[in-house]
Amino acid sequence: MSAGTQKAAQAALAAEHAAVYGYGVVGARVADGRRAEATAAYHAHRARRDTLVRTVRDLGGEPVAAQAAYALPFAVPDPAAAVRLAALLEDRVAGVYSDLVRAADGPLRRQAADALREAAVRAVRWRGSGVPFPGLAELTTGGTGATDGTAAKHGPGATH
């Protein structure tokens, strides 16, 4: 596999680390009726993260470590903000998986496409609506939180 594939896999791993952190915040603030959904997403991101650790090693790289903490993109004082954060996390994860789909081939490309689809579906569930091109922030317009053209290029917590 190419250096571009390894770089895209590392970016996806970094995004998954940040999503796991972010879902800790979401789970603490989301309304009781959506807590199971937040827990399921948390576990899904942990599983993807663990798979990506192995993938990066298989590609000959040293997996990027999780940061101790991530700055959140906005304050999350209540359930509504937690829902917005969850949708943003999924948008950002979809963005990095879009990059991995472009960079990879074979089974890794399929795994990345599956992860992108799963993130897009979770984002729709959180937001209540979809976006025209999940994972492609540069082609998405209007209120998704991932429309600045850079959100998809960064991990889903905050600054790295």
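Predicted model: local features only at pLDDT ≥ 70, side-chain atom pairs only at ≥ 80, totals over all residues.
**Helix H2, length.** I checked the span: 24 residues at 1.5 Å a residue should give 34 Å, and the end C-alpha atoms sit 35 Å apart, which agrees. Just past H2, I noted Gly60 with a positive phi of about 90 degrees.

**Glu37.** I found this one in H2, which covers residues 35-58. Skipping neighbours within four places in sequence, I get contacts from Glu37 to Arg125 and Trp126. I also looked up Arg122: its C-alpha is 9.0 Å from that of Glu37, although the two are 85 residues apart along the chain.

**Cores.** The largest nonpolar core holds 21 residues, and among those with the most contacts inside it are Leu52, Tyr97 and Ala112. H1, H2, H3 and H4 each put in at least two residues. I followed up Ala112, which touches Tyr97, Leu100 and Val101 when residues up to four places away in sequence are left out. There is also a second, separate core of 15 residues, including Val30, Ala41, Val83 and Ala86.

- Arg49 pairs with Asp50, closest N and O atoms 3.0 Å apart. Arg49 counts as buried because its relative accessibility is 18%, under the 20% cut-off. Asp50 is partly exposed at 31%.
- Glu90 and Arg122 meet through their side chains at 2.9 Å, N to O. Glu90 is in H3 and Arg122 in H4, so this pair ties together parts 32 residues apart in sequence. Both Glu90 and Arg122 are buried.
- Arg117 pairs with Asp114, closest N and O atoms 3.7 Å apart. Both lie in H4, three residues apart, about one turn of the helix. An α-helix has 3.6 residues a turn, so residues three or four places apart point the same way. I noted Arg117 as partly exposed at 45%, and Asp114 as partly exposed at 21%. Through shared partners, salt bridges join Arg110, Asp114 and Arg117 into one network.

How values were computed
Residues numbered from 1 in each chain as written. Heavy atoms only, no water. Helix = DSSP H or I, 4+ residues; strand = E, 2+ residues; numbered from the N terminus. Contact = heavy atoms within 4.5 Å. Expected span 1.5 Å × (residues − 1). Core = buried A, V, L, I, M, F, W, Y, C linked by side-chain atoms within 4.5 Å. Buried < 20%, exposed > 50% of the residue type's maximum accessible area, 1.4 Å probe, protein only. Salt bridge = Lys/Arg side-chain N within 4 Å of Asp/Glu carboxyl O.
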